[in-house]
Amino acid sequence: MSYLNGLFEISKVTLSWYLREMVNDNIIFKLGRGIYTAHKVHTSEYTPRLRTKAVKVGKIIARQFPFVSVSVLDGQVFADFQHHISSNNVIYLEVDRDAMESVFHTLKQKGYAAYLNPSKDFVYDNIDLSKEAVIVKPLIS
């Protein structure tokens, strides 16, 4: 309302009438109280892109443990949404609870800096998120 009054003089009743008419004519869509959008606005679906290293770790585990369910999450994907953390180079590997220890030891043998289901306090105190590491956690389905 204040934006429009800066351009030209319009009453609240007139503005409400125009908005209601545009909603009825399907020109705009009401999202909530005082919030509108155009109907033909298309948003693209967000698809995260894993780093080559994260894909490689996932393939190693899938090859070595073909019957284990695996989920690979790349910390750099989360870094875009974590404004308080400058970088997150950790790869989060979620596997079946029974296979966690075997997967952890396999990654250690391959030379990865791996951690087995660390607590929140351990992560804050001991893991540098700017360095590459793999955190093995239980898969929750």
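**Close-up views of a predicted model**

**View 1. Arg 51 and Asp 74 joined by their side chains.** The side chains of Arg 51 and Asp 74 form a salt bridge with an N to O distance of 2.9 Å, where a salt bridge is a side-chain nitrogen of Lys or Arg within 4 Å of a carboxyl oxygen of Asp or Glu. This pair links distant parts of the chain, since Arg 51 sits in the loop between β2 (35-38) and α3 (52-64) while Asp 74 belongs to strand β3 (residues 70-74), 23 residues apart; helices (H or I, at least four residues) and strands (E, at least two) are DSSP runs, numbered from the N terminus. Both Arg 51 and Asp 74 are buried, a term that means under 20% relative accessible area, with exposed meaning over 50% and partly exposed in between (1.4 Å probe, protein chains only). The model is predicted, so local features need pLDDT of at least 70 and side-chain atom pairs count only at pLDDT 80 or more, whereas totals for chains, interfaces and linings use all residues. Residues are numbered from 1 along each chain as its sequence is written, and side-chain values use heavy atoms, with hydrogens and water left out.

**View 2. Glu 132 with Arg 51 and Lys 53.** Glu 132 forms a salt bridge with Arg 51, the closest N and O atoms being 3.6 Å apart. Because Glu 132 lies in the loop between α6 and β6 and Arg 51 in the loop between β2 and α3, this pair ties together parts that are 81 residues apart in sequence. Glu 132 also forms a salt bridge with Lys 53, where the closest N and O atoms are 3.0 Å apart; here the linked parts are helix α3, which holds Lys 53, and the loop between α6 and β6, which holds Glu 132, 79 residues apart. Arg 51 is buried because its relative accessible area is 16%, whereas Glu 132, at 44%, is partly exposed, as is Lys 53 at 33%. The count comes to three salt bridges, and Arg 51, Lys 53, Asp 74 and Glu 132 are linked in a network of them.

View 3. A search of the whole structure finds two aromatic pairs. Trp 17 and Tyr 18 form an edge-to-face pair, 5.0 Å centre to centre and with 75° between the planes; rings of Phe, Tyr and Trp (its six-membered ring) pair if their centres lie within 6.5 Å, and planes under 30 degrees apart count as stacked, over 60 as edge-to-face and the rest as tilted. Trp 17 is partly exposed at 42% relative accessible area, and Tyr 18, found in helix α2 (residues 12-24), is partly exposed at 45%. Trp 17, Tyr 18, Met 22 and Ile 27 make a nonpolar surface patch of about 400 Å², patches being made of residues with over 30% relative accessible area and no salt bridge, with like charges joined within 9 Å and nonpolar side chains (Val, Leu, Ile, Met, Phe, Trp, Tyr) within 5 Å. Accessible areas come from the Shrake-Rupley method with a 1.4 Å probe, and for residues only the protein chains shown count as cover.

**View 4. The surroundings of Ile 127.** Ile 127 is placed in the loop between α6 (120-126) and β6 (133-138), and is buried with a relative accessible area of 7%. Leaving aside residues up to four places away in sequence, Ile 127 touches Val 90, Tyr 115, Pro 118, Phe 122 and Ile 135, contact meaning heavy atoms within 4.5 Å.
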